[in-house]
Amino acid sequence: MDNLDEEWVTEHANQVSRMLPGGLLVLGVFIITTLELANDFQNALRRLVFAVEKSMNKKKLWSFTEEEVSERVTLHICSSTKKIFCRTYDIRDPKSSARPADWKYQNGLSTSWLSLECTVHINIHIPLSTTAVSYALEKNTKNGLTRWAKQIENGVFLINGQVKDEDCDLLQGQKKSSRGNPQVTYQSFDVRVLTQLLLSSDHRSTATVQICSGSVNLKGAVKCRAYIHNSKPKVKDAVQAIKRDILNTVADRCEILFEDLLLNEIPEKKDSEKELHILPHRVFVPISGSTVMLCDYKFGDEAAEEIRDHFIEMLDQMIQIEDLEIAEEINTACMSSSMDSEASLDFTDDEQAKQPLKTTIVLKIQQNIGVITAFAVAVLAAGISFHYFSD
């Protein structure tokens, strides 16, 4: 138990979470030991599953709904018999105790998913107030993204050019099979996002003029993709999945850029000089035996081999370089910042957003604990290999 590194596990979960498009999420943790050590690790696994959830929620621009399943999973796998012991914890209850659960594999689950795709054009202006000079550029940017996220949350989503009632079946009107279910193989839906230009009359806001030390602009086009299971999918579930992918991919790209700047120790420019940084672009990666594609991010000077190595490191999954799908041209999204003093007209909601916490970068590689990757609607066990304990 002394070898369990909570910091590494949470960072590994955050890295894996970036590789999941909308509709997929990290569901829990697993460990592989002898049967005799099972009870010794239960408290450690419980601590890890709550730490992982807390760490990932800090980075999200969205929140789970009350209707969503709040249970997360811990697995103990016997190294000799390969028997799996599954327990769940309610993450909404910090005092939650373990509940035994069955872990089952289902045939055909990996191919039973519908995809939703859209291109979102962003143009986000984030003023850097002189009263918040103690905040890092990263933190100010995240605060600005939180305000932008509200626009996406309140947007209108067109699916194949139509506005549909959220409680309608996504596959409504399609032919049904002899079993009464719609006949679906692989199907993709085109999604467009319309955001409001004007605030509605029932939305209260306060306009304030503030002196700024500079500003950050995020501008470009980003490709978004989400997946939803084809078992009686609702429109609201599809919209929720693509919304979260939009918010995740923009936030993740900014975070990756800040990490790159920190790791490479790129010096800040002098006052009044503008900085232009190209955000990493998205690469989708097919997984053998599944219609679902995972994703990763790369800068223009990074080789495709680095994507391959990252998948092996994070998921123990071998991919073919020729199968990589470059979602965007290299220069489609960028961040520019300037430190000129300027006055800014800023609209602030009555309900102030919580300040996101600063990201801690951890660069430790171990192979003694894993992360379970799962879909939001149903657990997906196939496609992810286990990292075994080294002797």
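At what angle do helix H1 (residues 6–18) and helix H5 (residues 304–315) pack? In this predicted model, local features need pLDDT of at least 70 and side-chain atom pairs count only at pLDDT 80 or more, while totals for chains, interfaces and linings use all residues. Residues are numbered from 1 along each chain as its sequence is written, and side-chain values use heavy atoms, leaving out hydrogens and water.

The angle between H1 and H5 is about 130 degrees, and their axes are 10 Å apart. Axes are lines fitted to C-alpha atoms, for helices over the stretch in contact, with angles running from 0 to 180 degrees between N-to-C directions; helices (H or I, at least four residues) and strands (E, at least two) are DSSP runs, numbered from the N terminus. H1 is therefore oblique to H5 (under 35 degrees is roughly parallel, over 145 roughly antiparallel, 65 to 115 roughly perpendicular and the rest oblique). On the H1 side, the contact (heavy atoms within 4.5 Å) is made by His12, Gln15 and Val16; H5 contributes His310, Glu313, Met314 and Leu315.

Rings of Phe, Tyr and Trp (its six-membered ring) pair if their centres lie within 6.5 Å; planes under 30 degrees apart count as stacked, over 60 as edge-to-face and the rest as tilted. Two aromatic pairs are counted by this rule. Phe50 and Tyr89 form an edge-to-face pair, because their ring centres are 6.3 Å apart and their planes stand at 65 degrees. Since Phe50 lies in helix H2 (residues 42–59) and Tyr89 in strand E3 (residues 84–90), the pair ties together parts 39 residues apart in sequence.
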